[in-house]
Amino acid sequence: MSDGDRVEFLGEVNAVPGETRVVSVLVSLLTLGLVDNQLLAPILPEIAASLGTSEVSVGRSVIAYAIAAAIAALIVAPLSDASGRHKFLIAAGGVFGLGSLLVVGASSFAMFLGARAVTGAAAGIISALVVAAIADIVPYERRGRAMGW
């Protein structure tokens, strides 16, 4: 790489052109899952009331989300090592969006719980693959800074 090919990345010179954009998109995708998971707690009472169930029951959807996220990440991450992360990230983003729509449209607690599990599975895949993709494209010397965005 010549000096003309070097660009600034997170305040440092030496990044490959396009690296900042790719990492920014990946971190933005990761943020969806983080925000989705954090938004539920403050609105548990409203969700419980709209579904005609208890706050404790709706709180269990957090567990369903987390278990689905862990299982999906453990299954898909090794598959993405072998066949590429891009298609899995695109699919997980689509499933995340679909799951979110199902959550909003849930008319029963069972439907809500299932939709949260679907959304959690997609978020788990996104989380695992974003970290792996950043590790794939950012050299070791700058990786911690890129992942700590």
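## Largest pocket

Helix 1 supplies the largest share of the lining of the largest pocket, 4 residues, in a model that is predicted, where local features need pLDDT of at least 70, side-chain atom pairs count only at pLDDT 80 or more, and totals for chains, interfaces and linings use all residues. Residues are numbered from 1 along each chain as its sequence is written, and side-chain values use heavy atoms, with hydrogens and water left out.

The residues that line this pocket are Val22, Val25, Leu26, Leu29, Arg85, His86, Leu89, Ile90 and Ala133, and the elements giving two or more residues to the lining are helix 1 (19-39) and helix 4 (86-105). The pocket holds about 200 Å³ of space, and its lining divides by class into 7 nonpolar, 1 polar and 1 charged residues. A pocket here is an open set of points on a 1 Å grid over the protein atoms alone, where a 1.4 Å probe fits, with protein on both sides within 12 Å along at least five of seven lines, and lining residues have an atom within 4 Å of a point.

## Helix 2 against helix 3

The axes of helix 2 (residues 44-51) and helix 3 (residues 55-83) come within 8 Å and cross at roughly 115°, which makes helix 2 roughly perpendicular to helix 3 (a term for angles of 65 to 115 degrees). Leu44, Pro45, Ile47 and Ala48 of helix 2 make the contact with Glu55, Val58 and Gly59 of helix 3, contact meaning heavy atoms within 4.5 Å. By class, these residues are 5 nonpolar, 1 polar and 1 charged, and helix 2 passes helix 3 in a right-handed crossing.

## Packing of helix 5

Helix 3 and helix 5 (residues 109-137) pack with their axes 6 Å apart and at an angle of about 40°, in a right-handed crossing. Their contact has 18 nonpolar, 6 polar and 2 charged residues.

Helix 4 and helix 5 have axes 8 Å apart and an angle of about 155°, which makes helix 4 roughly antiparallel to helix 5 (a term for angles over 145 degrees), and their crossing is left-handed. Among the residues of helix 4 that meet helix 5 are Phe88, Leu89, Phe96 and Val103, while the helix 5 side includes Met111, Phe112, Arg116 and Ile126. By class, the contact of helix 4 with helix 5 has 17 nonpolar, 5 polar and 1 charged residues.

Terms used
Grid points are joined across faces, edges and corners, and a volume is the space filled by probe spheres set on the points. Ala, Val, Leu, Ile, Met, Phe, Trp, Tyr, Cys and Pro count as nonpolar, Asp, Glu, Lys and Arg as charged, and the others, Gly among them, as polar. Axes are lines fitted to C-alpha atoms, for helices over the stretch in contact, and angles run from 0 to 180 degrees between N-to-C directions. Angles under 35 degrees count as roughly parallel, over 145 as roughly antiparallel, 65 to 115 as roughly perpendicular and the rest as oblique. A crossing is left-handed if the near helix is turned anticlockwise from the far one by less than a right angle, and right-handed if clockwise.
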